[in-house]
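Here are my notes for you, written so that you can follow along with the model open. Take the points one at a time and find each residue as you go.

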Amino acid sequence: MASLVSSPFTLPSSKPDQISSLSQKHFFLHSFLPKKTNNQPNSKSSLKVKCAVTGNGLFTQTTPEVRRIVPEKKDNLPTVKIVYVVLEAQYQSSLSNAVQSLNQTSNFALFEVVGYLVEELRDESTYKTFCKDLEDANIFIGSLIFVEELALKVKAAVEKERDRLDAVLVFPSMPEVMRLNKLGSFSMSQLGQSKSPFFKLFKRKKQGAGFADSMLKLVRTLPKVLKYLPSDKAQDARLYILSLQFWLGGSPDNLQNFLKMISGSYVPALKGTKIDYSDPVLFLDSGIWHPIAPSMYDDVKEYLNWYGTRRDVNEKLRGPNAPVIGLVLQRSHIVTGDESHYVAVIMELEARGAKVIPIFAGGLDFSGPVERFLIDPVTKKPMVNSVVSLTGFALVGGPARQDHPRAVEALMKLDVPYIVALPLVFQTTEEWLNSTLGLHPIQVALQVALPELDGGMEPIVFAGRDPRTGKSHALHKRVEQLCTRAIKWAELKRKSKTQKKLAITVFSFPPDKGNVGTAAYLNVFASIYSVLKDLEKDGYNVEGLPETAEALIEDVIHDKEAQFNSPNLNVAYKMSVREYQGLTPYATALEENWGKPPGNLNSDGENLLVYGKQYGNVFIGVQPTFGYEGDPMRLLFSKSASPHHGFAAYYSFVEKIFKADAVLHFGTHGSLEFMPGKQVGMSDVCYPDSLIGNIPNVYYYAANNPSEATIAKRRSYANTISYLTPPAENAGLYKGLKQLSELISSYQSLKDSGRGQQIVNSIISTAKQCNLDKDVQLPDEGEEISAKERDLVVGKVYSKIMEIESRLLPCGLHVIGEPPSAMEAVATLVNIAALDRPEDAIISLPAILAGSVGRNIEDVYRGSDKGILKDVELLRQITEASRGAISAFVERTTNKKGQVVDVADKLSSILGFGINEPWIQYLSSTKFYRADRENLRVLFEFLGECLKLVVADNELGSLKQALEGKYVEPGPGGDPIRNPKVLPTGKNIHALDPQAIPTAAAMQSAKIVVDRLIERQKVDNGGKYPETIALVLWGTDNIKTYGWKQLVLKSLAGPGLMLLLIALEFSEIYS
């Protein structure tokens, strides 16, 4: 068992300054430690383990030389040289075994082989070696080459040698690389353009979600058909398909016969030599596999029947009450014999009392096997309680073209928690251990970001890779963490609501500065009260819950203005130092920064204090502060920092004393996810991993903050559920600014009378009192100026106060589960309507209204910016009319309490009735009565759909789904104004979909912004174009604006203009 879980492993000797500070202090990373033995001598030439807190580990340092086999010359046999490029190393061992066996037994040729992982080709010296190897190669093989920049490098290198090479075989990869295929007269050089039936079929099948399954069937049947066709082209095509069968078979025997077939058929030196080879040994395309089962199964009932007869497990595991975990595996790892990491997970789950149903697929679409083997065909209910994908890839498409809607559809049918764990692909175990970043950036993109679009959670690294053999090996402690957490999620599906224990954690936001129980845009205690009342109705035990939210505040913190250091906080538990040390295995690691426990924070001098209050099976706790008062960000950047003892004690209490079945972090945001450790791909000395332990983590996060929600998702294993941010409302005017607005109104009506100059003097005086002279160039008071100059001065002041008035401020705080008021709905829709959406053929409301009076809205904006009085006034009228038309629309869906309800029913009676449409009625009494009705209808139909989304929040529903061990539908985070698909809230937030950016709207906006910026700079610089522009990039920009800021950067970049990139938001590093 131990050998399955953990292999002996030592790191090569390193210089002392390359070893992390924690390693030197003997705080070991346990994931890769073999069991201690007494006869293991101490060696100074090797170091057992080191903590991943130094070194960046950005690109793989593995070398293709470990995959090079050069045979010794014998008997004047010709040498066949093979060069291969693959995404992962699972074929390395199998192919090496095949070549070594052939060199020992072959009497017709010797085989030289060298292999490259595609990621190694980033290194220029490695790429040059690759090109050099191709110069005298006979056969090139490529597989799963989907990283575009590297695919182009492979294409460039192979293309030079393609005509000379005897055979080029490329299996599923990007089209650019697939076109390199050459096998006799068989070629794919016109892939996507050919009129042959084969390519038509290939192209047609590629569009559907079942493309992988269709291709596998094609691979099975086509050789039988082509065998009877006389033409050389048909036979070459047949050998290509057979080659794919051999390759997908993956075993050393299959690969031996593959090399015999190709070399005997296409290497000139072997022409006329009779080389016998066997047909491919075919495995199931998809099915169920268990390491000790007698065979693979393609029927789940047969598998479960075998499982029930096992004598190597106890009765409890065979019984009906054991949790059942579904595993998703890659067939290539099984058939190539690189499956020890899979075996480790299966054995660990069973050792912890869980049944397993490990399914696999040969293609890149796992949705079919999920539906076929994990859902009962009769009841349509899941046969598992949670699912763990050990592939690390998206459910449909793998590293290639993803189909996330298809994946979400399959996972919603399954309706259980979906975890996507990671084997190291582009790094060796040593590189990962040494890396402060954690996972290689390409692996983060392919195996973390893309599965998140499917709703995948908890990117736990469970397997490493041996740098010499390329084989996977389990990381023992990581496997334990993965399996325990998978079972914990499964138990949520099985446990009754009355028995479930929930720990609700509140924060001080901003960290260390705000009052206790605050979060971004959220009324925390009113929301908690709303959630608990709903859970109580649903059967959860919340005994003793107060009658009001105010009384709840009084119970927990005694003072709604309480700071964290307030003596008023309710003490829920006093933990002795001895108990703390017994419950917290990493406690000694905190002493370097905080001394011996209990310390000064969350302590009475003798005990560690846990603040909060328990109601039945619900505990409301106060998360301790960062510990660095006045410098809360110190922990984020200090590599040697750590949480304090009180922080660790809080999470030890929640997991091991209160014994929570789940923790609910309430609002944006706490500090758990920002604790020191790797950025992505935690080890067990990374503090977020240690603190959260084995507790399922549900986290309410603001919908507009996907960047930091992603940090919580990846570093603290959170199922992030979005909540609605309050709509932004115009700031309005007050005091002097309001008086100034009234003076401008007077000027507009009296400017042609004798009082024009007098009113302008008052405007100038009041503007200076309001400090507007710092933004607008004003003449001296009393200075005589012409009527045209007076208009320009008033226009510039008017434009400035319009800008101030229209600045957007959050409208109150959101309460979970509370529908928006009509005022909030109007504010949201006004902002949504202000944007053109060319991809949906929707024209913005301001543009429609401006067009009705013969103006272009962009010209109006420019004129207003310049202070042209008539344009400033027209823009004000457009703004007022926009709000009025939308208010008239929303009022039709509002009840007596001012809440928007029954939107779907009421909208159907509003839309499509021409003159009776409320926006038409409103605009008929304004100067915009000629607005294009068709454009308005299209826009308001869109706004109607948006209104449905605004009020259709599922924040409470998704929380209950998560607590019941169900699947929470994923959805994008970001600005709901730019992307209403962020709504309704209550989705498992993911960051960006690389296939969805940049949007057409982002491209259009970026062009407008750049044009305006250059135009303004030219005016300010006396007619000269700017030579240098500094641009500040925030990490969330690419997510929230769907590529807008990056397009601005691209549009600005050009000859004669130097760009200075001056900032990058910290959280972008994580996302």
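What follows is a numbered list of things to look at, starting with the whole chain and moving on to details.

1. First, a caution and an overview. This is a predicted model, so keep that in mind as you read. The protein has 1071 residues, and 57% of them count as buried. Its secondary structure comes to 41 helices and 29 strands. If you take the contacts with a separation of 6 or more, 75% of them are between residues 24 or more positions apart.

2. Now the inside. Which residues touch the most other members of the largest nonpolar core? They are Leu327, Leu390, Ile528, Phe666 and Tyr700, out of 137 residues in that core. Helix H19, residues 476-494, gives the most to this core, with 8 residues. Domain 2 (286-494) and domain 3 (497-701) each supply at least three residues to this core. In soluble globular proteins, nonpolar side chains tend to be buried together.

3. Next, the rings. The structure holds 28 aromatic pairs. One of them joins Tyr586 and Tyr687, with 6.4 Å centre to centre and 65° between the planes, an edge-to-face arrangement. These two sit 101 residues apart in the chain: Tyr586 is in the loop between helix H22 (577-583) and helix H23 (591-594), while Tyr687 belongs to helix H26 (residues 687-692). Are they buried or exposed? Both Tyr586 and Tyr687 are buried.

4. Compare that with another pair. Why is the pair of Phe889 and Phe940 called edge-to-face? The ring centres are 5.4 Å apart and the planes stand at 80°, so the pair is edge-to-face; the angle has to be over 60 degrees for that label.

5. Look for the cluster in which ring pairs join Tyr91, Phe171, Phe186, Tyr240, Phe246, Trp247 and Phe258.

6. While you are at helix H34, find Ser882, which lies in it. Ser882 is buried because its relative accessible area is 6%, and the cut-off is under 20%. Beyond its neighbours within four places in sequence, Ser882 is in contact with Leu845, Pro846 and Leu849.

7. On to a β-α-β unit. Strand S5 (residues 139-143), helix H5 (residues 148-161) and strand S6 make a right-handed one. S5 and S6 run parallel and are joined by 4 bridges, and Phe140 has Val168 in S6 as its bridge partner. In S6 (residues 167-170), Ala167 and Leu169 point one way and Val168 and Val170 the other, yet all are buried. In a regular strand the side chains alternate between the two faces of the sheet.

8. Here is a sheet with 3 strands. It is open, runs in the order S14-S15-S16, and its pairing is mixed. Strands S14 (422-423) and S16 (472-474) are at the edges with a single partner strand each, so one side of each has no neighbour in the sheet. S15 (residues 461-465) and S16 run antiparallel, with 3 bridges between them, and Ala463 stands opposite Ala474 in S16.

9. Helix H25 (residues 645-657) is mostly covered, with 11 of its 13 residues buried; among them are His645, Phe647, Tyr650 and Glu655. After H25 comes Lys659, with a positive phi near 60°. In strand S28 (residues 1028-1033) you will find Leu1031, which is buried because its relative accessibility is 11%. From Leu1031 to Val1048 is 17 residues in sequence and 9.4 Å in space, C-alpha to C-alpha.

Terms used. Residues are numbered from 1 along each chain as its sequence is written. This is a predicted model: local features need pLDDT of at least 70, side-chain atom pairs count only at pLDDT 80 or more; totals for chains, interfaces and linings use all residues. Side-chain values use heavy atoms; hydrogens and water are left out. Buried means under 20% relative accessible area, exposed over 50%, partly exposed in between (1.4 Å probe, protein chains only). Two strands pair if DSSP finds at least two bridges between them. A crossover is right-handed if, with the strands pointing away from the viewer, the path from the first strand over the helix to the second runs clockwise. A nonpolar core is a set of buried Ala, Val, Leu, Ile, Met, Phe, Trp, Tyr and Cys residues joined through side-chain atoms within 4.5 Å. Domain bounds come from an automatic or database domain assignment. Rings of Phe, Tyr and Trp (its six-membered ring) pair if their centres lie within 6.5 Å; planes under 30 degrees apart count as stacked, over 60 as edge-to-face and the rest as tilted. Contact means heavy atoms within 4.5 Å.
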